[in-house]
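Thanks for asking me to look through this one with you. My notes follow as numbered points, to be read with the structure open.

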Amino acid sequence: MHSIRIFGHYMRLPLLLLAVIEAVLFGVAFVLGQHLRFWLIGSEDMTEPLLLSGYALIVALIFTVSMAAMGLYEASAREGLNGLLIRIVVSLVFGSAILAALAFLFPGLEFWRSILALTVILAFIAVAGLRVAIYQSKPWLFRRRVLVFGDSDLIDEVIDAGGGELMVVGVVPASTQPPKRLAHPEWLVRHDHPLLQIALERQADEILLAVRDRRGSLPMEELLDCRMSGIQVLQPQSFFERELGMVKLELLNPSWLLHADGFQHGAMTMFVKRVLDVLTALVFLILFSPVMLLTALAIAAESGFRHPVFYRQVRVGINGLPFEVLKFRSMRMDAESDGRARWATKGDPRITRVGRFIRRTRIDELPQVINVLKGEMSFVGPRPERPEFVAELLQKNFFYAARSRVKPGLTGWAQLRYPYGSTEEDALRKLEYDLYYVKNHSTFLDLLILLQTVEVVLFGKGAV
């Protein structure tokens, strides 16, 4: 099964198919819940079929979006069965809250509590049953058949990147010498007949090139035959981009960036992004103003009302221009009394008791909505770094400057994909995800990141 690109972002067809199936299950659960409720009270359901279908469509859409917000349609969400079921429960509760809010705001909508409760029960039984069946059986439908062609240490790396989503049907050496490192020697296939024949015999959906130096080592005619026969041929960089949503620094060169698709930041896209930023920031200010007020009081009380509640720090913004980021103060006033810039680390002793809580819950980031309203930041983008760190990282990697081609953000692709980092090495690993965002930026990807940020906040993933 293949991936497709929606507004520049790779989405796996099996996961899209799963979302469609579960959307249907949510709609059916609502219809059954409606009929069951009237049957239990001994009354006849007088709802018009067309109106009931409209309600079912709304329910299906909201619950499917809630599932997406919990990361349940992401291939990277590989966890135990218990964790999977917990996420389903949370998504159903979250979706029910949205439906209840809609019923309150629009009294004409007949989302009765008893019907919603029955819908949630039926939906959980159906969706959890489907997920458990998939989790236990791992059907071939949800795994792509890949033939790997290569002779380097990239072979194991690309196979690991695919995880359980790939079914390796063979590894063909690019030279007469077999790969020095191969986790599964039984996958080795002799290149004694054309690649197209090998691929067809093994029913490969695609051929993955695991070759670092391609000069003179690729059988171009054979690969063209495969491509013309409908078998996709992937370069290593494109593979990592698709499977892990990252641009691999070890494989990156200026010519690839020059010829790769993406980097299309049109005027209309940027206008829509700015409108969404302003609207979302205003909503955040209204909804979270009580939380922000309580946080300010807690920080002030902890310091005996002697020290400031907010913390301002110079960060690097779009096109390398400096600006002052605004946050709730989470560290002691003497955190950098010697003037040296330091990375924040897990268990950092400089963090206060209130600071530890607001960092874990991301409350310390809320004042940055002011930076968003001022146009210095966006809601989605690479996290802004301090000028001292940027200067050091530019010396480590030339491509670090590329992340400031877009506005920095409160949340971003790297924050979703990589755990909290406190070293230069972590910053460079995050750069791989930031480059993916800069390359594939779109309104769709922004909305996807915002949805998945709900998962990060609720489960504390990546927090200090």
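1. A residue is called buried under 20% relative accessible area, exposed over 50% and partly exposed in between, using a 1.4 Å probe and protein chains only. On that scale, buried residues make up 47% of the 464 residues in the chain. This is a predicted model, in which local features need pLDDT of at least 70, side-chain atom pairs count only at pLDDT 80 or more, and totals for chains, interfaces and linings use all residues. Residues are numbered from 1 along each chain as its sequence is written, and side-chain values use heavy atoms, with hydrogens and water left out.

2. For the overall inventory, the chain has 16 helices and ten strands. Helices (H or I, at least four residues) and strands (E, at least two) are DSSP runs, numbered from the N terminus. Contact here means heavy atoms within 4.5 Å. Of the contacts in the chain with a separation of 6 or more, 72% come from residues 24 or more positions apart.

3. Now to the sheet. Two strands pair if DSSP finds at least two bridges between them. An open sheet is formed by four strands in the order β4-β3-β5-β6, with parallel pairing. Its edge strands, β4 (166-173) and β6 (232-234), each pair on one side only. Ignoring direction, neighbouring strands of this sheet are turned by 25° against each other on average. Axes are lines fitted to C-alpha atoms, for helices over the stretch in contact, and angles run from 0 to 180 degrees between N-to-C directions.

4. How many bridges join β3 to β4? There are seven, and the two strands run parallel; G150 has P173 in β4 as its bridge partner. Strand β3 (residues 144-150) also pairs in the parallel sense with strand β5 (residues 206-210), over five bridges. There, V148 stands opposite L208 in β5.

5. Is β4 largely enclosed or open? Eight of the eight residues of β4 are buried, so this strand is largely enclosed by the rest of the structure. Helix α8 (residues 236-244) lies across β3, β4, β5 and β6, and runs at about 100° to β6.

6. Two helices are worth checking for length. The expected span of a helix is 1.5 Å times one less than its number of residues. For the 28 residues of helix α1 (residues 13-40) this should give 40 Å, and the end C-alpha atoms are 40 Å apart, which agrees. Just after α1, G42 takes a positive phi of about 70°. Helix α4 (residues 113-137), with 25 residues, reaches 36 Å from its first C-alpha to its last, close to the 36 Å expected.

7. Helix α4 also has a buried side to look at. Among its buried residues are I115, L116, L118, A123 and V127, as well as R131. The buried residues of α4 pack against α1, α2 (49-69) and α3 (81-105). Within helix α3 you will find V89, which is partly exposed at a relative accessible area of 39%. V89 and M70 are 19 residues apart in sequence and 10.0 Å apart in space, C-alpha to C-alpha.

8. Finally, helix α10 (residues 267-302) and helix α11 (residues 353-360) pack at an angle of about 155°, with axes 9 Å apart. T295, A298, I299 and E302 of α10 meet R353, V354 and I358 of α11.
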